[in-house]
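Hello,

Here is the structure I said I would pass on. My notes on it follow below.

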Amino acid sequence: MTASEEKFTRQTLLDVQPLTPSLFTLRATRDPGFRFRAGQFARLGVTKADGSTVWRAYSMVSAPHDEFLEFFSIVVPGGEFTSELSRLEAGDTLMVDRQAFGYLTLDRFVDGRDLWLLSTGTGIAPFLSILQDFEVWERYERIILVYSVREARELAYQALIEGLAGREYLAEYAHKLQFIATVTREHHPRALNGRITHLIENGELERAAGVELTAEHSRVMLCGNPQMIDDTRQLLKARDMQLSLSRRPGQVAVENYW
Ligand SMILES: Cc1cc2nc3c(=O)[nH]c(=O)nc-3n(C[C@H](O)[C@H](O)[C@H](O)COP(=O)(O)OP(=O)(O)OC[C@H]3O[C@@H](n4cnc5c(N)ncnc54)[C@H](O)[C@@H]3O)c2cc1C
C-alpha cells in the first residue's frame with residue numbers, strides 16, 4: 001500500500017508540554033488535506049513497543065484555520081494508549097486518521113441565544129476549538145464556558161482563554177464570553193467549588209453566569225466524564241431540554257470521553 005492509500009497520515013510532534021504529572025498538551029504538524037469542523041475529533045495512533053498500533057479518539061483543541069493540530073491529554077495509569085503517547089517527544093511521529101469525526105458541532109443547533117459549554121477535565125478541548133473559530137461569536141449573544149477540574153492546577157489553557165479577547169478577529173465579540181471555572185476538591189479564589197450538577201441544582205452556576213438555563217434560550221454542549229453528562233442531561237430534561245437530533249432539533253449535544 002502506498003502512503004497516499006493509507007487511511008492515516010504520519011505527522012510530526014512539534015511540541016509536548018506537561019501541565020501536571022497526569023495532563024499534557026501536544027502540538028503536531030497537520031496534513032493540508034485534513035479537514036474538520038470545530039468540535040470534532042481525530043483518531044490518533046501510536047506504535048507500541050511490540051510494533052502494534054493503538055488508536056484513540058482525541059478532540060482537536062486547535063481551530064480549523066490553524067496550520068497545526070493541538071491536543072490536550074490525560075495520562076491514564078497503565079492506559080494502553082496514553083502510556084505510549086505520554087512518552088513521545090518533539091520530533092516523534094503521531095499517526096492521524098485522514099477523516100475527522102463527531103457531532104459536537106454548532107450545526108447541531110438550529111437556533112438559541114445563549115450557548116453553554118460544560119466540560120470536565122480534558123473535555124474542554126473541543127470547546128477551545130469552537131471558541132477559536134469565528135462562527136460561534138456571531139451566532140450567540142452569550143457564551144458560557146464552564147470548566148470543572150478536581151484541583152486548580154489542572155486548569156489548562158488559561159492564557160488561551162484570557163487571550164481570546166485580544167484576538168483581532170474576536171475583539172468586538174469578546175464581551176460575549178463568560179468563563180466559569182469550578183474546582184471540586186479544593187477551594188480556589190477565582191473558581192466555584194463543586195460539581196457542575198451540584199452547581200446547577202443549587203442555582204449557583206446560573207447566578208455566576210447571570211443568566212438562566214432555559215429551553216427557550218439555552219443551547220448546551222456537554223463534554224468529558226460520562227457520569228457528569230448523564231446526570232446533567234437528567235437535570236436539563238427536567239427543564240424540557242432534550243438531546244438535539246437531526247429529525248428533532250433540541251437543546252443539548254454531548255460527547256462522552258469513555
Ligand atoms: C470522541 C472522544 C474524544 C476524546 N477526546 C479526548 C481528548 O481530547 N483528550 C483526552 O485525554 N482523551 C480524550 N478521549 C479519551 C481517549 O480516547 C482515551 O480514552 C484516553 O486517551 C485514554 O486512553 P488509554 O488507552 O490510555 O486508556 P483507556 O483504556 O482508553 O481508558 C481507561 C480509563 O481511563 C479513563 N479515561 C479515559 N479518558 C479519560 C480522560 N480524557 N479523562 C479522564 N479519564 C479518562 C476512563 O475511566 C477509562 O475507562 C476521547 C474519547 C472520545 C470517545
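In these notes, Ala, Val, Leu, Ile, Met, Phe, Trp, Tyr, Cys and Pro count as nonpolar, Asp, Glu, Lys and Arg as charged, and the others, Gly among them, as polar. By that scheme, the shell around the ligand holds 10 nonpolar, six polar and three charged residues.

This is a predicted model, in which local features need pLDDT of at least 70 and side-chain atom pairs count only at pLDDT 80 or more, while totals for chains, interfaces and linings use all residues. Residues are numbered from 1 along each chain as its sequence is written, and side-chain values use heavy atoms, with hydrogens and water left out.

The ligand

There are 19 residues around the ligand, and those that come nearest are Ala 57, Tyr 58, Phe 72, Phe 81 and Thr 82 (a residue is near if one of its heavy atoms lies within 4 Å). A polar side-chain atom of Thr 82 is 2.5 Å from a ligand oxygen. Polar backbone atoms take part too: one of Ile 74 at 3.0 Å and one of Ser 59 at 3.2 Å. On its own the ligand has 870 Å² of accessible area, and the protein covers 76% of this (Shrake-Rupley method, 1.4 Å probe).

Which elements give two or more residues to the shell around the ligand? They are strand 4 (53-59), strand 5 (68-74), helix 1 (80-85) and strand 12 (252-256). Strand 4 gives the largest share, four residues. Helices (H or I, at least four residues) and strands (E, at least two) are DSSP runs, numbered from the N terminus.

Six strands form an open sheet with parallel pairing, in the order 10-9-8-7-11-12. Strand 10 (192-193) and strand 12 are at the edges with a single partner strand each, so one side of each has no neighbour in the sheet. Two strands pair if DSSP finds at least two bridges between them. Within this sheet, strand 8 (residues 142-149) and strand 9 (residues 177-183) pair in the parallel sense over seven bridges, and Val 149 stands opposite Val 183 in strand 9.

Strand 4 also has a partner: strand 3 (residues 41-47) pairs with strand 4 in the antiparallel sense over seven bridges. Leu 44 stands opposite Arg 56 in strand 4. The hairpin of strand 3 and strand 4 has five residues between the strands, and Gly 51 takes a positive phi near 90° there.

Regards

Note on methods
Polar contact = N/O pair within 3.5 Å; in protein donor to acceptor, adjacent residues only side chain to side chain.
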